[in-house]
Every structure is written in C-alpha cells, then in structure tokens.
Amino acid sequence: MNTLNQIQSILRTYLNLKSLSILFTFLITNFSIAQSDRFVRIPYGWLWFLIGFIVICLVVAGSAYTYGKIRRPGKAISYAITASTHLFIWIVILLTLYPVIHLLAVSFNRNDSITTPLPKVGNALLRSGVLPDPSNFSLVQYHKLLSETHFFTYQWMMVIIIAITLLTIFVLTLIIRRSDFSFKLEQLRNYIAWVFFITIFGLIISINPDQFYSFNEAGEKVRASSNGKIILHIRNTLLVSGMTGIMAVFLSTTAGYAFARLKFEGRYQTLLSFVFVQMFPGFMALVALFYLMNALDLLNSFTGLILAYSGGAIAFSAWIFKGYLESINTSLEEAAMVDGATRWGAFWRIILPMSVPMLLFIFLLQFIGTYSEFILANIMLTGEDKWTVGIALRAMSYNQFNTQWGTLTASAVLGSIPILIIFYSFQNAFTDGYTAGSTKG
Amino acid sequence: MRFVASRFQWIVPWYYILPAIIFLLAFTLFPVILTVILAFSNYAGTRNGELDVSSKTAIVNVTDNSLELTNIKELRCDWLLTPSQVNQNEAGTSSLTGCENVLALVYTSGSVDASGESLDGTTLTLVEALEAGTSVNSVEIMIPDFGFAQEIKVVSSVGKLVELERPPAGTPDLESIRISLTGSAIERRIERIEGNTVYLDAALPPDGIYSTIARFNKFQYVGLDQFKIIIGEARKALLPVFAWNMVFGILTVLINTVIGVFIALLLNNPDLRFRNLYRTLLIVPWALPGIITIQVWRGFLNTNFGAVNRFLALLDLPVFDWLGDCTLAKGAVLLVNLWLGLPFMITATLGALSAIPRDLYEATKMDGANPWQSFWGVTAPLLRNALIPITLTGFAFNFNNFNIIYLLTDGGPPASWGTSTARCTDILISWAYNEAFRSQGGYAYGLGAAISIIIFVITIAVSLMNFKVTGALKEEGDR
C-alpha cells in the first residue's frame, strides 16, 4: 500500500495536465523550424508526432491503469480502456471541430485574402498557420458585412426581443430539465416561444432591400455592394425555407392521411406514382421549371421558388407522414367518429394535434433541405436583392479577382447561425424523426 | 362539398389528396414529362425554338421572294448546323448553311437605338424624346443577368414616355435599348441561301418597305440520337463517370458506416462519462448547412494556403495539390463527405443501438457470454438489420449528391480520358448538369435530359432494391 501511495503521488506531480501542457509547449516551440514563404516544416515532424502520440496514449492508458489498480484492482484494465476511449473520442472531436474552429478564426481575422504571409513569431502551430494568429484578431470582416445594413428602430426592438426570448427559452429549458414540477414553466416557455416566432416572422417580413446602402464621398446614398447585403440574403433564405416548410406540411398531411387511413380505388397506384415521380433527378427539370415560371411570370420571385420547392417536397413528406400514421393506433379517431365527429373533424381535431412532433420533423427537414439548396435558386433568382445565402457565398468564392476568404468565412458564420440554433433547439425532434423514419421505411 | 361527398362517397379521399396532386402535377410531373420529351430532341441554347434577336440582319434589296442582305454571316445560320452537318460540309458532301426550312421574320420598317433614363414599373422614360409622328411597336431591352434581350410590346408612347405592356423580368440594362417602329413583321420560311441572298418560300407583299430579317432558332425531334451520342462517347464519358459514380457511392457509404458504427459503439457504453457532451460536439457538421461548409472546405484544401497542406508540411510530409490531381480530388471528395456524413451515421446507429432491448444483454450475461460474444451474437445481427435501410438510403442519396461535387471540386480537374463536361470527379448528375447548362455549344439541354433519364432508371433500380429489402411497399402488395 505504501508503494502504491508513492506511485500515486509521483503520478500526481509529474503527470497532471499542467505539466503535460508545459511539456507539449516546450516540444513544439523548440524545434528547429524550416520556414519557407509558404510552409513551415519541422524536420522529421511526422516522427516526433508519432512518438508524441504514442507517448500520450501510453501515459493516458498507463495512468488510468495505475489509478484503477489503486481504486478497484479487478477493474484496472477496463479503466485503461475507458481512458483510451475518451482519448480517442477527443481526437475525433478535435478533427471534427477543427474546420469549424478554423472557420471562426479566419472570420475574425483582419486579412481578407487567403495569401497573407505567415507570422514569424510564436510557436510552430502559429507560425505554420495551422492555428490562427491572435494578434490579427479583428472584427473588421463582420463590420464590412454589416455596416451597410440600416435597421429601423422598431427592427432593433424586434432583434432585442428575439435575443431576450431566445435566452429565456434557453434558461427555462435548463431549469425544466433539472426540476420536477415543471408544467407551469413549460407552459410559460411555450408562450415565450410563440412570441419568439412571431417576432422573427415580423422581422423577416419587415426587412426590405432599401435598407442596405452606404454613403459615398460626396455624401450621396449608394446601394450596398453584394457583400454588404448578407443580412438580406439570410432573410431571403429564411423566408423561402420557412414558407416551403409550411407548404410541405400543409400539402403532405392531408395526402399522407388519405393514404394511411382511407381505402379507395386507385390508392396503391397513386401512392406508387408519388414515390416514383420524386425519384427523377429533380433539378434536371430546371429548364422545364424555368419555362414554366417564365410562363407564369414568376421568375426572380420568391413565390415561384417556393412553389417549385414545395412541388418537389410533397411526395417525400407525404410518404413519411403516411408511415408515421400507420404506426399509431386508429382507436382514438374511430372513437371520435362513433361520437359523431366527421372525418375532417377527426383529422383536424385528433390526428393533427397528435402528430405535432412528426409535423415538426417534416417542417425541419424541408427547412434545412431548402436552406442548403443551391441550383434551382441560382437559376431562378437572378436579381442580387433576391439571392439566397448559398448564391451569395458562391459569388464570393468565385470572385473574378480572388477569393475573398475573410468575407466568405464571416458570411458563412452568419449564415450558419440560424440553422445552428434551429438544429440544436430541435435536436431531439430531428434525430427521433430520423430513427422513426428509418425503422418504418 | 359536403353535398357532393354524401352523394359520391368515393370522392372523399380525393378531397384530401387533390392539393398535393395538383402541386405534384404542376411542379414535378410536368417538368419531368417536358424533360423526357426534350431528351428526344436536339433542344439547346442555340436551338430553343424562339426568335433569335441577335440574328437580325439589314436587308439591302428585295425582289419577289429573294432578299439581298448586307452580310449573310450576321444571320448566324452556322449556329443551327448539327455536328454531323458540319462534318459533311467539311467533307464537301453537302453544302447546307443551317437556315434551310427555318422560320424567319421579315420586319417591314426600321428600328432606332435609344437609351433609357429610368424604368418605373411599366413606364419607361427615354433620355431623348422620339421624333414626332413615329409610333413605336416594341422595345428590346437587354437583361444582363439572363444574357439575352427581351422584346416587350409597347402600349403607347408620348414623347419621352413609353408605356410597356409588362415590366421586364430581372434587372434591365437601360443603356442600349432598341426601339422597333410600327409596322408588322411577316413570317416566312427560308428555302435556301446563295451568297448574300436569301430565298423565301413565298413572295413578300410588293408595297412594303422591308428593313430587317431575323430567323427563329429551330429544334427538332431527333429520336434516339442523343442516346446514340452518349453510347458513342461511352468510353470518354459514360463509362468512367458511371464507374466513379458507383465507386463514390459505395466507398463513401462504406467508409462512413464503418467509422460511424465504430464511434457509435464507443459512445453507446452507458458507463462512459460525458457521452452526451461528446455526441453534441460530434453532431456539429450536421448542424451547419452543407452548402456553406463545403465551400469552406474548398479553402482548406487549397494547395498553397490551405490548412490541410499547412498541417502536412508541419509534419514534414509531402504537400498535395488536392483539387488539381485526379486521384487526390477523388480522395478529397470522400474525405469531405466523411466529415459531412459522419454525424448522421453516428446518430442513426445510436438510434438503432438504443432500440436493442437491454434484457437481451442480461440474458447473454446470464448464459456466461463475454462482451465479445454478446457483441457478435446480439449487437451485430440486430444492428445489421437496422443499418441496411440506412446504408441503402445513404447510397441513393450520395449517388445523386450533386452539391458536394459541384461546390467542392466542380467536377474537376480535367481528365485525360474525358471530355470538357465529364471530368475526374464528375458523377452522372454533375455531368448531366454540365452538358445541359454549360457545355461549349450553349445549353445542350437535350443531351442533359437524356442523361437524366439514365440516372432516373438507375435510381429506380436502387430504390426498388431498397423497398425489397426494407419491405416498405410489401404490405400493400399482399392486400
């Protein structure tokens, strides 16, 4: 026991996190570094990396093993395995998140160009440009993107309301998760969520292209450049995606209900045609859609794009909703209909409220899918004021002179925020929907 | 509605389905049918059946049914020649100009060029007033976004103000506007061309003053010609693109599944602390819109300044021209698709794993199985059943995953075996897109449509397999 205590104290002194980080910093700052104009090389870097990696693995597994030996000798190996699992998952997480971190870092960098020379000081990771140089931190990219946006006072109020409600919802969710008597709180949260959605809707509707301008040297109002309109582009995307999601829900629920519950002549054939029509590579119908929208005079309008998207969304959504309805019992509606409800009443009062999670899933799926759609939007929305985020980003990325890397990343960050918030707020609805959908075709 | 429903019971279900069907017919089925029809035609940017405004040529002299033009080249008849006709012309076996049997408009009076000052709805204000006494027929306004001019009829014109029939689509370029003065255009068919003289199928009315002629683009139904072109060039485009498409679909699903299942199995351990945190962090790529992240990855893979190469250089490993080399570009596509697809795979596998009842494990434990045995005996077979539909759906999705190819590599780099539209990382759908929307001879839409029919057939085959395995349609068939 005495020796074990000794080992424990030795481990505590030498292998705590701080000493590890000191060791690591020492290793990466004291290499002889060959710096060309483009790349920084550490001679035999891969060897050092491999050795360091193996050492870290051994140290983690070994210390866990020793720790396990002290705590519960029989479980020492499983301690080591658990520690290695943690290490492995952290490496995967680092690799997964590195692009995101890098993206954030570049967007907060003062340089717009990708070709900026590398810093000459700092540790190897900084000098090689793998990690961002903190001395270049700046908000200039965001300022450039946002400075030409002019909100009215009431729109600022809306933004503030949105921020406050979002924060409140977040806090309330945390509280609800921890406490037992949460029914009232949940109700409160739902009310606040309604306020949130209505305000966001109001804000999206109220933004218009005339609010994006700047003043030139002569003091005249000039229209903002396409980079300065990113807020408008995000608003356009939200509008189109939101309307498409709502349309998809409206059109697919009735059809899905009919397929799942009503027995009628031609049902199976109609269902099959629904399934197979949607397998045609949708965007290859672009010219036809372009022709159609031109005939309907809907080119370069959101209405046209929303209609086209909704048409493509119906078959799949109806299919999912049918699968969902088939998995729930018919007894409730039957009871309602015995009590004198009409079929429509049963659908409207019983089926719809019951399937809110599925409707939410259909909406989210369509919303996120539409947010990421590019080709159709690119062909149909020709005016710069109507662009969606994707088109705006591609315009930056294929700029005729050079890629505006800083502007691109900052816009990417701004454009990702809505989806990020939506995804994490409804994460469960989303993942559950997928599992429900995958088990039931 | 209710009255009809009580009379005809069978109509009730259609009340529910009708809205969906109308949308499906209008915005999915109609375009699909049109596309299928166009696959049997040589419809293209220069052959779209519409009046080609750029072919307007001034007429010098009119005699009976022949028109002498300033320069026949301005009529751009060579645009209408098919590749085989061009070959025949070069070989000297035919001397078709391309305009034979093409409809043309002969304008009876001239046009003036003007520039506009402003456009408010349908009211166009010109910089200078038109001459008194002229009456305007129509205006042609260039729309730079579309790349072509739009002809709009004029309702009335007074001095500077011109009232249009409808507002032009998009953002018009008001700098150069061509104003057609009143007079009618006479439609005639071009019979043949000799030198600068055009012979029409019928004589023009003798009293008119004829100023210009413009021809229509023609497109015709060519039967299976488009498919013949695809088969004829199969070695250069169809086969390699199809092969890479299959490899891409299979490999990306395989890699994603193997790694995703492995990580999910690690995370499924209920004794693992922070597993919810890990899950939340690992899901981030899924939560970001792919359209954005793929374009950011393009920057990471940049040869000289990208993060990937910087990291490789730091480790003293060779750096690569990721998007410029055929094999590496394919690798890059797979890598980025792994990054994009892993979160979904992990989540789906975790969902499938959580559906496995815990008592099964208890039972195997009672029977004295070790963890290894219980994995192969319980987890693996149950997981396999749940994963098959997921992987098949994943394959069907990735088979047509246009976004990653178009936004990451843009189909490139050019391949030594390929054509200008079928390059190293092009999959069928991006190849079809290239043919349809940016091949050199304008929009070769007929060819693109033909390729999409091939894709359609393959997708249906994959989906049928999927349905057969999952039994999603089977219960219906048994009834």
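This is a predicted model: local features need pLDDT of at least 70, side-chain atom pairs count only at pLDDT 80 or more; totals for chains, interfaces and linings use all residues.

Modeller: Residues are numbered from 1 along each chain as its sequence is written, and chains are lettered from A and ligands numbered from 1 in the order in which they are written.

Biologist: How many helices and strands does chain A have, and how many has chain B?

Modeller: Helices (H or I, at least four residues) and strands (E, at least two) are DSSP runs, numbered from the N terminus. Chain A has 19 helices and four strands; chain B has 16 helices and 13 strands.

Biologist: What percentage of the residues in chain A is buried, and what percentage in chain B?

Modeller: A residue is buried if 20 or more other C-beta atoms lie within 10 Å of its own, exposed if 12 or fewer, and partly exposed in between, with C-beta atoms placed from the backbone. Of the 441 residues in chain A, 34% are buried; for chain B, with 479 residues, the figure is 35%.

Biologist: How many residues of chain A are in contact with chain B?

Modeller: A contact is counted if the C-beta atoms of two residues, placed from the backbone, lie within 7 Å. Here 85 residues of chain A are in contact with 78 residues of chain B. On the chain A side, helix α4 (residues 76-107) supplies the largest share, eleven residues. By class, that side has 52 nonpolar, 28 polar and five charged residues. In this scheme Ala, Val, Leu, Ile, Met, Phe, Trp, Tyr, Cys and Pro count as nonpolar, Asp, Glu, Lys and Arg as charged, and the others, Gly among them, as polar.

Biologist: Which residues touch the most other members of the largest nonpolar core?

Modeller: A nonpolar core is a set of buried Ala, Val, Leu, Ile, Met, Phe, Trp, Tyr and Cys residues joined through C-beta atoms within 7 Å. The largest core has 126 residues, and those touching the most other members are A:Ala255, A:Leu305, A:Ile314, A:Ala318, A:Ile362 and B:Leu408. Helix α12 (residues 302-327) of chain A gives the most to this core, with 14 residues. Leaving aside neighbours within four places in sequence, A:Ile314 is in contact with residues of chain A, including A:Leu251 and A:Ala255, and with B:Ala20, B:Phe23 and B:Leu24. Another core, of 17 residues, lies apart from the largest one and has B:Ile283 and B:Trp286 among its members.

Biologist: Which domains does the assignment give for chain B?

Modeller: Domain bounds come from an automatic or database domain assignment. For chain B it gives domain 1 (2-38), domain 2 (53-222) and domain 3 (229-478). The centres of domain 2 and domain 3 of chain B, taken over C-alpha atoms, are separated by 50 Å.

Biologist: Which strands of chain B form the closed barrel?

Modeller: Strands of a sheet pair through backbone hydrogen bonds, either parallel or antiparallel. Two strands are taken as paired if DSSP finds at least two bridges between them. In chain B, six strands with antiparallel pairing form a closed barrel in the order β1-β2-β12-β11-β3-β13. Two bridges join β1 (residues 57-63) to β13 (residues 212-215) in chain B, and B:Thr57 stands opposite B:Ile213. Strand β3 (residues 103-107) of chain B pairs with β13 over four bridges, where B:Val106 stands opposite B:Ile213. Between β2 (residues 66-69) and β12 (residues 197-200) of chain B there are three bridges, and B:Leu67 stands opposite B:Val198.

Biologist: Is B:Ser115 buried or exposed?

Modeller: B:Ser115 counts as exposed because it has 12 C-beta neighbours inside 10 Å. B:Ser115 is found in the loop between β4 (111-114) and β5 (116-120) of chain B. Beyond four places in sequence, the contacts of B:Ser115 include B:Val127 and B:Leu174.

Biologist: What is the phi of B:Phe274, and what is that of B:Asp316?

Modeller: B:Phe274 has a positive phi of about 60° although it is not a glycine, and B:Asp316, also not a glycine, has a positive phi of about 65°. B:Phe274 is in the loop between α5 (238-267) and α6 (275-282) of chain B, and counts as partly exposed because it has 13 C-beta neighbours inside 10 Å. B:Asp316 lies in the loop between α9 (307-314) and α10 (326-354) of chain B; with 17 other C-beta atoms within 10 Å, B:Asp316 is partly exposed.
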